[in-house]
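Subject: Structure handover

Hi,

Here is the structure I promised to pass on. Please open it first, then read my notes below.

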Amino acid sequence: MQNEQAIADRLSEKFEFLKDHITVQREKRIFTGFLGREDFEAVISYLHGEMGFSRAHHVVGTDEGEDLGFIFLLSNADGIILALKEKAPKSNPKIKSMTALYPCLELHERELVDLFGAQVEGLPEGPTYPLPDGWPKGSYPMRKDWNPKYFDKETMTYNPPSENSEKETVSKQ
Amino acid sequence: MNEKNRVVIPIGPQHPSLKEPASFLITLEGEKVVNAVVGVGYNHRGLEKACESRTYIQDLYIIERVCGICSHTHSTAFCQGIEELAGLKIPKRAAYIRVIVAELERLHSHLLWLGVAGHEIGFDTLFMYSWRDRERVLDMLAAMCGNRVNYGINTIGGVRRDFDAAMLRDVLKMADVLQEQLKYYLDLASTEATLIARLSGVGKLSKEDVLRFGSVGPVARAADVGDDTRVKEPYAAYGEIPVKVITDTHADVFGRTLVRIKEMIESLEIIRFCVKNLPDGDIAVKAPRKIPAGEMISRTEAPRGEDIHFIRSDGSDIPERIRVRAPTEVNWHGMRYMLEGQYLADVPITIAAIDPCYSCTDRAIVIRSDDQTDVTDWQGLRQYSIDWYQKRGVNVPSVKMPESKKYF
């Protein structure tokens, strides 16, 4: 746990905003709080360049209500995983691609685009992943408000009831 | 040769080497690959979304079906993540049973790969030999767990079945038989001139590139990157078991072959150790229905490499977010660089050499809503496909087919 705590302390020292937002969960696990884009980019560059967190395992997309969350799982040579979190508002879900630092994140970032509707700037060109061609635009299945029962597989359309019709149904009941 | 002479060949999504879908856009200059674009995602059916509307125990059955080959590694990662969130300590006997099944799974997965690799290079005798031996492992798994794949051994808090003395005796007998076979395969792979010539230098991925693209499992270990979750972050009972990490320096398909065969021999040693030192006692502790709120990252070493599960609980009996990062998902990133500069004829074996698992990558699940079991004969299947196309406005020419042969 000494190594983990030392990493957390060094990061809190370097980045004031991390002071109360970094936790050593247990041996080999460090979690941060959600950071805005600029803060996040500064921390991840420092981790990659100065602290030996040269391996990325994954980026997990999450739905945080008004925001989208992106949890980057990075590790160093000792196998300590640091979960660095970034968030962006759903109204403007722009994040920077981290494939320049970690090329192995390409497929995972494509998934954020398809399943969460994130706009990943700087993502290399390539086939979409994992949704099929013809998937309805603006329909992001891993967001919490997306309900599979409103998706028609035959016509590939997503038809959620409008807010008004839902209210009408409730009042009739 | 200038760019005008380049030929682009789309391969797939019917796969050139395995029976799962992926597309490869290969650009050739003569016989040499100059560019490759990998397209995956054909099997994505929303498994993680399905988990968000079911309880933890229901999700266990879905998670076990992420992959038909390494189902145990996924259910182990899932269970141990939840157990950690809930503060459960599983009995030692359960931890050892998890390891025995995990190593049997590694054996049958690697034997499957060895057969596929043999087939891809026209060495079908190796294919038949290794798949025959794989049956020994599958029979053992069926006897111990009740099923050849999707063993259903894990549960939250431990394991669901205990192993009796007769089963453990049979495992040791199987291990002895397999040991001889594996020694033969290792001897064959290290000395057979045709095999060495066919696999050496094919699908190269250097140590630097492995680290850059985050490759895992035998692909990384064949490039002298000694990452193995069983040692790096011991889980289940691995902390008490001596595990030798197998590495190689060839960094090509030949190296991956040697690593996998040696890993199987090491798996037998682990199984023997577990059988000899299997503790007595309970096999499970009672798990709560509701899991305390929190986030957990759980790691296991699947046959294809590191498997990561991210679990977020909101304190209810239904998870808020489950994310499965299977090893093949990261191994795809290095594929383009393995293919570039290769001959077209080497493409199938290079793809097969990462032991790709598309269902893992795409997280597939097939749900059968009926409770009846139907067996469809050839004619029925043909009629189904004709109807399917006609519904979509495609007129299939009415080709007369010979009378159906009864297979079932």
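One definition to start: the expected span of a helix is 1.5 Å times one less than its number of residues. Helices (H or I, at least four residues) and strands (E, at least two) are DSSP runs, numbered from the N terminus. Now take helix α11 of chain B, residues 253–276. It has 24 residues and reaches 35 Å from its first C-alpha to its last, close to the 34 Å expected at 1.5 Å a residue.

Some ground rules. This is a predicted model, in which local features need pLDDT of at least 70 and side-chain atom pairs count only at pLDDT 80 or more, while totals for chains, interfaces and linings use all residues. Residues are numbered from 1 along each chain as its sequence is written, and chains are lettered from A and ligands numbered from 1 in the order in which they are written.

Burial comes next. A residue is buried if 20 or more other C-beta atoms lie within 10 Å of its own, exposed if 12 or fewer, and partly exposed in between; the C-beta atoms are placed from the backbone. By that rule α11(B) is mostly covered, with 17 of its 24 residues buried.

Chain A
Chain A has 173 residues, and 32% of them count as buried. Its C-alpha trace spans about 60 × 40 × 25 Å along its principal axes. There are 4 helices and 9 strands in chain A. From the N terminus they run α-β-β-α-β-β-β-β-α-β-β-β-α.

The sheet
Two strands pair if DSSP finds at least two bridges between them. Five strands of chain A form an open sheet, in the order β1-β2-β5-β4-β3, with mixed pairing. β1 (22–26) and β3 (55–64) of chain A stand at the edges, each with a single partner strand, so one side of each has no neighbour in the sheet. β3(A) pairs with β4(A) (residues 67–75) in the antiparallel sense, over 9 bridges. In that pairing, A:G61 stands opposite A:F70.

Contact here means C-beta atoms, placed from the backbone, within 7 Å. Angles run from 0 to 180 degrees between N-to-C directions, and axes are lines fitted to C-alpha atoms, for helices over the stretch in contact. Helix α1 of chain A (residues 2–14) touches β1 and β2 of chain A, and its direction makes about 170 degrees with that of β1(A). Helix α2 of chain A (residues 37–50) touches β2, β4 and β5 of chain A, at about 155 degrees to β5(A).

A buried helix
Which helix is largely enclosed by the rest of the structure? It is α3 of chain A (residues 106–116), because 10 of its 11 residues are buried. They pack against β3, β4 and β7 of chain A together with α12 of chain B. After α3(A) comes A:G117, whose phi is positive, near 80 degrees.

The core
A nonpolar core is a set of buried Ala, Val, Leu, Ile, Met, Phe, Trp, Tyr and Cys residues joined through C-beta atoms within 7 Å. The largest one has 142 residues. Among those with the most contacts inside it are A:L84 and B:V99. Helix α4 of chain B (residues 92–120) gives the largest share, 15 residues.

Where the chains meet
The contact takes 26 residues from chain A and 25 residues from chain B.

Best wishes

Conventions
Two residues are in contact if their C-beta atoms, placed from the backbone, lie within 7 Å.
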